[in-house]
Amino acid sequence: MVTIGLALFVIIAAILAAYFVINSINLQASIKNQNTLKESIKSLEETEQRLILVVDRLSKAKEISGKTSVIKELENLSSVLASIPTQTTLTEAVLSRGTTDTTFMVENSTVLTQLMASLIIRTEYQRIDLLSFSFNPSLGYIISLGFASK
Amino acid sequence: MKKTLTEIVSPNIKALGVPIVILLVLIVLSAISYKIAFSKLSAQREELTTAKNVEKVLINKEAVLSQIQGEVGSYVDAAALAVPSQNPALAMISQLKNLALNKSVILSSIKGGSESTTQSSLMSADITLGIEGPSVAIIDYLKAVNTLAPLSTLDRVKINQSGGSARAEAMVRTYFAALPTKLPAMTEPIKELTAEEKDLLSKLSQLTAPMFINLTPQTPVVRESPFD
């Protein structure tokens, strides 16, 4: 019984020692491989610097694109101006993020009807508010409209 | 007559006593030595796993860097022109003037503002413009500001029209940010460009870049003596 116990002890000890040696060899190989890779990466340091720079600039560009700009409002206003009757004059436009306040001058009521008809069908705006409406015999109708973007 | 302990214990048990003691010692010894061996092995195994993970990261990093080595140069140009490291107000003014020529509008006034810092590391410089021309041309001009490098935003636009011509006031805010100063640790995983970032990069490369002129240094010339 003692002999069997001793034999078992020796066998298990030998297995553990072998396992330890194998792990040590693998660890050494991995460290050696890491050193080779580090050398190779070191030679590509310039590329890494450039990539870091690009990633950094892209994150900043993304941040800028999320900032307030009235480009959308300008595009919408441009589209409105292309569709309104030719006898209509845009006398003033104030564009800020989400809103465009405009003043139009219209020669007569027929053109006014055409202007309103062309504005009613606009889909790019959430709301169009009539801010003021007046008539001047020498100039015609003066209408101020507030466009709220979607 | 009083019996001693050796006399009381039977000879069979006596024969078993020594091996049992040896066996017990062996068991205790095994328990202690295996405990030590297992803890050592476990630590070594952990070290090996970490080493393998680091190796994987390094292999991936090397592969990514080798792959993008050729193309990253062009990415840098587009990205650095879009978000420069120094105040781009002068370059932007030049861009706005060139654009005005192309869009047939007149820049009646250009005013540069002071630098301002946002919550992040992004900084900005404001340029206030006075633009004259037909209203359609002015709108077309302002829309095209979006296509210029460095990146900028239009904060507020006011257009007035009387007679045949219009006048507009607009504030262009142009951005810049300091360059990153340190590289991540060698064993840190590398961040590859995502599809979204590549898409953004392709948009940035389509921006109209400012024109820079490289002045070559003049070669030394022999000065004539005014007294001869």
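The predictor assigns the complex an ipTM of 0.78 and a pTM of 0.77. For chain B, the average pLDDT is 87, and 94% of the residues score at least 70. Within chain B, the highest confidence is found in β2(B), at 94, whereas helix α1 of chain B, comprising residues 5-8, has the lowest, with a mean of 65. Where pLDDT is low, the predicted coordinates should not be read in detail.

Chain A is divided by the domain assignment into domain 1, covering residues 1-67, and domain 2, covering residues 71-149. Taken over C-alpha atoms, the centres of these two domains of chain A are separated by 67 Å.

Helix α1 of chain A spans residues 2-43. This helix, α1(A), contains 42 residues, and its first and last C-alpha atoms lie 61 Å apart, close to the 62 Å expected at 1.5 Å a residue. Buried residues of α1(A) include G5(A), L16(A), N23(A) and L27(A), and S30(A), Q34(A), L37(A) and I41(A) are buried as well. The cover over the buried residues of α1(A) includes α2 of chain A and also α2 of chain B.

One of these buried residues, N23(A), illustrates the contacts between the two chains. N23(A) has a relative accessibility of 1% and therefore counts as buried, the limit being under 20%. Its side chain makes a polar contact of 3.3 Å with the side chain of Q44(B), and a polar contact of 3.1 Å with the side chain of R45(B). When residues up to four places away in sequence are not counted, N23(A) touches L41(B), Q44(B), R45(B) and L48(B).

The relative accessible area of V106(A) is 1%. Although V106(A) and Y141(A) are 35 residues apart along the chain, their C-alpha atoms are separated by 5.0 Å. With residues up to four places away in sequence left out, V106(A) touches a set of chain A residues, among them Q87(A), T88(A), V111(A), L112(A) and L115(A). The residues touched by V106(A) also include L139(A), G140(A), Y141(A) and I143(A).

In chain B, helix α4 (residues 89-102) has 14 residues, which at 1.5 Å a residue should span 20 Å; the C-alpha atoms at its ends are 20 Å apart, in agreement with this expectation. Buried residues of α4(B) include A89(B), A91(B), M92(B) and I93(B), together with Q95(B), L96(B), L99(B) and A100(B). The partners against which the buried residues of α4(B) pack are β1 (106-117), β2, α5 (135-144), β3 (152-162) and β4 of chain B. After α4(B) comes S104(B), which has a positive phi, near 55 degrees.

Side chains of opposite charge can pair when their charged atoms come close. Over all chains, a search of the whole structure finds 14 salt bridges. One of them is formed by E48(A) and K61(B), whose closest N and O atoms are 3.2 Å apart. This pair joins two chains, because E48(A) lies in helix α2 (residues 45-65) of chain A and K61(B) in helix α2 (residues 11-68) of chain B. Both E48(A) and K61(B) are buried.

Another salt bridge brings together the side chains of K62(A) and E196(B), with an N to O distance of 3.5 Å. Since K62(A) belongs to helix α2 of chain A and E196(B) to helix α6 (residues 195-205) of chain B, this pair also joins two chains. K62(A) is partly exposed, with a relative accessible area of 46%, while E196(B), at 53%, is exposed.

Within chain B, the side chains of D126(B) and R173(B) meet in a salt bridge of 2.7 Å, N to O. D126(B) is in strand β2 (residues 122-133) and R173(B) in strand β4 (residues 165-177) of chain B, so the pair ties together parts that are 47 residues apart in sequence. D126(B) is buried, with a relative accessible area of 16%, and R173(B), at 23% relative accessibility, counts as partly exposed. In chain A, D56(A), R57(A) and K60(A) are linked in a network of salt bridges.

Notes: Residues are numbered from 1 along each chain as its sequence is written. Chains are lettered from A and ligands numbered from 1 in the order in which they are written. This is a predicted model: local features need pLDDT of at least 70, side-chain atom pairs count only at pLDDT 80 or more; totals for chains, interfaces and linings use all residues. Side-chain values use heavy atoms; hydrogens and water are left out. Domain bounds come from an automatic or database domain assignment. A salt bridge is a side-chain nitrogen of Lys or Arg within 4 Å of a carboxyl oxygen of Asp or Glu. Helices (H or I, at least four residues) and strands (E, at least two) are DSSP runs, numbered from the N terminus. Buried means under 20% relative accessible area, exposed over 50%, partly exposed in between (1.4 Å probe, protein chains only). The expected span of a helix is 1.5 Å times one less than its number of residues. Contact means heavy atoms within 4.5 Å. pLDDT is the predictor's confidence in each residue, from 0 to 100. A polar contact is a pair of N or O atoms within 3.5 Å; within protein, one must be able to donate a hydrogen and the other to accept it, and residues adjacent in sequence count only if both atoms are side-chain atoms.
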